[in-house]
Amino acid sequence: MSPRTRPTEPVRLVLYEDPLSPWCLVAERRVVAAMDDLAGAFTLRLEPFPTRLEARAMTKTERRELARAARKAAKEPEAAGTTPDLWLSSDPPLTSLPALSALAAARLQGVTREAALRAAIREAALVRGLNVARTDVLLELAERAGLDLGRFSGALFAPATEARVREALEEAQDKGIRDAPALVIADEWLVAGTRSADEYRAVLLRYVTARVGLPPVRTLH
């Protein structure tokens, strides 16, 4: 990237994701890798997008489809070690809202603690197949992630925390997002779904080199 095309301030990226989705893990790691190749040009913020919002029982067909998607994601290098066990267990999470609310509660203690809890939730859910919608599991993971449990539990159970997750979902839907992962570049470009590392790198470079005079809201399918 030449000095002429480098933005004077980093461009804001927002990745909407769900920690119960291995494809969101793949997307996040690929976006971060693309950002590293364009050092200093972008900042990344993660926002919640629950793929399962309301708690409801799953049919056998739904569980098979989720397990199939997990097996496919596990073949990608970025999701190596993940398993479909979460959806094959006798106690699968019926909603991803508790895990996302936990991350919103952890954010109050800083992005480092939030990142630590996100990693712990993913390892528990995507590798060990644990139901991270359970409060006892979330509290144990929060303790392992180094969070102040008193502050964390207070925020986790506060109605405003779940409301924040729902508001973020509504904001994403207003931008045309229908599923996670989804990457929004400077509130102008939307990259839906999981892309290859090369695709993310190419679209970020294209945005940086053409950001002046862009039309609003350009969606890349």
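## Working through charges and burial in a predicted model

Leu-103 sits in helix H4, which covers residues 97-107. Keep in mind that this is a predicted model.

**Exercise 1. Decide whether Leu-103 is buried or exposed, and find how many residues separate Leu-103 from Ala-116 in sequence.**

Step 1: Start with the cut-off, since buried means under 20% relative accessible area.
Step 2: Leu-103 has 4% relative accessibility, so Leu-103 counts as buried.
Step 3: Now count along the chain: Leu-103 and Ala-116 are 13 residues apart in sequence. In space, their C-alpha atoms are 9.6 Å apart.

**Exercise 2. Work out where Glu-78 is placed and which side chain makes a polar contact with the side chain of Glu-78.**

Step 1: Look in the loop between H2 and helix H3 (85-88); that's where you'll find Glu-78.
Step 2: Check the burial. Glu-78 has a relative accessible area of 19%, and buried means under 20%, so Glu-78 is buried.
Step 3: Follow the Glu-78 side chain to its partner, the side chain of Arg-30, at 3.1 Å.

**Exercise 3. Find which residue forms a salt bridge with Arg-201, and say which helices the pair ties together.**

Step 1: A reminder before you start: side chains of opposite charge can pair when their charged atoms come close.
Step 2: The partner is Asp-37, and the closest N and O atoms of this salt bridge are 2.5 Å apart.
Step 3: Arg-201 belongs to helix H9 (residues 197-210) and Asp-37 to helix H1 (residues 22-37), so the bridge ties together parts that are 164 residues apart in sequence.
Step 4: Check the accessibility. Arg-201 is partly exposed at a relative accessible area of 26%, and Asp-37 is partly exposed too, at 47%.

**Exercise 4. Locate the two ends of the salt bridge between Asp-91 and Arg-134, then find which residue Glu-123 meets in a salt bridge.**

Step 1: In the Asp-91 and Arg-134 bridge, the closest N and O atoms are 3.6 Å apart.
Step 2: This pair links distant parts of the chain, 43 residues apart. Asp-91 is in the loop between H3 and H4, while Arg-134 is in the loop between helix H5 (111-127) and helix H6 (135-144).
Step 3: Asp-91 is partly exposed at 33% relative accessible area, and Arg-134 is partly exposed at 38%.
Step 4: Glu-123 meets Arg-128, with 3.0 Å from N to O. Glu-123 counts as partly exposed at 35% relative accessibility, and Arg-128 is partly exposed at 36%.

**Exercise 5. Identify which residues form a positive surface patch and which form a negative one.**

Step 1: For the positive patch, take Lys-60, Arg-64, Arg-68 and Arg-71.
Step 2: Zoom in on Arg-64, found in helix H2 (residues 60-74). At 47% relative accessibility, Arg-64 is partly exposed.
Step 3: For the negative patch, take Glu-167, Glu-170, Glu-171 and Asp-174.
Step 4: Glu-170 lies in helix H8 (residues 159-174), and with 48% relative accessibility Glu-170 counts as partly exposed.

Conventions
Residues are numbered from 1 along each chain as its sequence is written. This is a predicted model: local features need pLDDT of at least 70, side-chain atom pairs count only at pLDDT 80 or more; totals for chains, interfaces and linings use all residues. Side-chain values use heavy atoms; hydrogens and water are left out. Patches are made of residues with over 30% relative accessible area and no salt bridge: like charges are joined within 9 Å, nonpolar side chains (Val, Leu, Ile, Met, Phe, Trp, Tyr) within 5 Å. Accessible areas come from the Shrake-Rupley method with a 1.4 Å probe; for residues, only the protein chains shown count as cover. A salt bridge is a side-chain nitrogen of Lys or Arg within 4 Å of a carboxyl oxygen of Asp or Glu. Lys and Arg count as positive and Asp and Glu as negative; His and the chain ends are not counted. The place of a charge is taken as NZ of Lys, CZ of Arg, CG of Asp or CD of Glu. Helices (H or I, at least four residues) and strands (E, at least two) are DSSP runs, numbered from the N terminus. Buried means under 20% relative accessible area, exposed over 50%, partly exposed in between (1.4 Å probe, protein chains only). A polar contact is a pair of N or O atoms within 3.5 Å; within protein, one must be able to donate a hydrogen and the other to accept it, and residues adjacent in sequence count only if both atoms are side-chain atoms.
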